Amino acid sequence: MVTTQDADFYSSLGSNYETAFGHDSGLVNFVHKILAHLPPRASVLDIGCGTGKPVASTLAEAGCSVTGIDISGVMVELSRKAVPDGKFEVADMLQYEPPEGTQFDAVLSLLSLFALERKDIEKMAKNWSRWVPAGGILSVGSVAAEDCKPMVQDHHYDKDGLCARGIPFRFMGNDITLDLFTRIGWETILSQNGFEIIDTATDLFTPPRESQCDEEMHYFILARKIAA
């Protein structure tokens with residue numbers, strides 16, 4: 001799990017986070033791929049919206065109605081400035097509940113799960129299933145365990161082989177550890193919650209040197225809700 005996962009840590013990053021990650025062309029390209037599967041003026045929930053760039057801003061420019069949540073008040077304020085027409089609020093994704101009866105045409109959790117342990121991600125998958133109607137879209141961006149460098153050793157994996165624990169990583173000058181699902185792990189957890197993967201993409205993102213971050217082999221998933 002990430003040891004620096006509190007709101008104060010993410011708030012301290014502020015615009016430095018946007019400098020490091022706000023111009024991720026692979027992420028932007030995948031957001032455009034998501035948009036091709038959405039109806040006009042789609043309602044979209046952006047989980048872990050960060051500064052609002054590039055995800056929420058790209059969605060809003062395409063005419064989507066964007067709701068965003070983030071644990072950091074500083075990040076939420078930056079999102080509100082980046083996307084004035086969006087609705088952004090401070091919320092812990094594990095505790096968040098949309099207004100009663102609300103579902104979204106799409107739920108996006110793009111590069112926002114790194115602070116979570118396996119059990120937390122499994123809880124989020126159940127939430128995504130409740131928030132997306134049949135035919136709706138889910139998109140997840142993470143790092144697949146098998147893409148980690150240095151290579152993940154066998155002892156890091158759970159017995160079922162679906163998730164690797166305690167993977168060391170350098171993020172914004174901090175040494176952290178991550179719980180990461182394998183590709184089969186993601187296929188399994190999404191299928192268990194009524195989703196079918198319809199597209200994936202892998203993209204190597206190299207943050208600016210001054211951000212003091214490791215390279216990230218991003219693994220993007222586009223899925224459709226096929227069952228209640």
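1. Where pLDDT is low, the predicted coordinates should not be read in detail. This is a predicted model throughout, with a mean pLDDT of 87 for the protein chain and 82% of its residues at 70 or more.

2. Now the overall picture. The protein chain's secondary structure comes to six helices and nine strands. Of its 228 residues, 53% are buried. If you take the contacts between residues at least 6 apart in sequence, 69% of them join residues at least 24 apart.

3. Seven strands make an open sheet in the order 3-2-1-4-5-9-8, and the pairing is mixed. Strand 3 (87-90) and strand 8 (195-205) stand at the edges with a single partner strand each, so one side of each has no neighbour in the sheet. From one strand to the next, the twist averages 15°.

4. On one side, strand 1 and strand 2 run parallel and are joined by five bridges; Val44 stands opposite Val66 in strand 2. Strand 2 (residues 65-70) is mostly covered, with five of its six residues buried. Strand 1 (residues 43-47) also pairs with strand 4 (residues 106-110), again in the parallel sense, over three bridges. There the bridge partner of Leu45 is Val107, in strand 4.

5. Two helices that lie across strands of the sheet are worth a look. Helix 2 (residues 25-35) lies across strand 4, strand 5 (137-143), strand 8 and strand 9 (216-225), at about 10° to strand 9. Helix 5 (residues 118-131) lies across strand 1, strand 4, strand 5, strand 8 and strand 9, and runs at about 165° to strand 1.

6. What does helix 2 put into the interior? Its buried residues are Gly26, Leu27, Phe30, Val31, Ile34 and Leu35. These pack against helix 3 (55-61), strand 4, strand 5, strand 8 and strand 9. Lys33 also lies in helix 2, but it counts as partly exposed because its relative accessibility is 31%. Leaving aside neighbours within four places in sequence, Lys33 is in contact with Asp199 and Leu222. Lys33 and Asp199 are 166 residues apart in sequence, yet their C-alpha atoms are 9.2 Å apart.

7. One residue I'd flag is Lys225, found in strand 9. Lys225 is buried yet has no salt bridge. Which side chain of opposite charge is nearest to Lys225? That is Asp105, 12 Å away. Beyond four places in sequence, the residues in contact with Lys225 include Ser129, Val132, Pro133, Asn193 and Phe195.

8. On to the charged pairs: the whole structure has twelve salt bridges. One of them joins Arg118 and Glu122, with the closest N and O atoms 2.8 Å apart. Arg118 and Glu122 are four residues apart in helix 5, so about one helical turn separates them. Arg118 counts as buried at 10% relative accessibility, whereas Glu122 is partly exposed at 29%. Lys119 makes a salt bridge with Glu117, where the closest N and O atoms are 3.7 Å apart. Here Lys119 is exposed, with a relative accessible area of 53%, and Glu117 is partly exposed at 22%.

9. Arg165 and Asp179 form another salt bridge, their closest N and O atoms 3.7 Å apart. Since Arg165 lies in strand 6 and Asp179 in strand 7 (residues 174-181), the pair ties together parts that are 14 residues apart in sequence. Asp179 is buried, with a relative accessible area of 7%, while Arg165 is partly exposed at 35%. Arg118, Glu122, Asp158, Asp160, Arg165 and Asp179 are linked in a network of salt bridges.

10. Finally, have a look at Cys163. Is Cys163 buried or exposed? Its relative accessibility is 0%, so Cys163 counts as buried. Cys163 sits in strand 6 (residues 163-171).

Technical notes: Residues are numbered from 1 along each chain as its sequence is written. This is a predicted model: local features need pLDDT of at least 70, side-chain atom pairs count only at pLDDT 80 or more; totals for chains, interfaces and linings use all residues. Side-chain values use heavy atoms; hydrogens and water are left out. pLDDT is the predictor's confidence in each residue, from 0 to 100. Two strands pair if DSSP finds at least two bridges between them. Axes are lines fitted to C-alpha atoms, for helices over the stretch in contact, and angles run from 0 to 180 degrees between N-to-C directions. Contact means heavy atoms within 4.5 Å. Buried means under 20% relative accessible area, exposed over 50%, partly exposed in between (1.4 Å probe, protein chains only). Lys and Arg count as positive and Asp and Glu as negative; His and the chain ends are not counted. A salt bridge is a side-chain nitrogen of Lys or Arg within 4 Å of a carboxyl oxygen of Asp or Glu.
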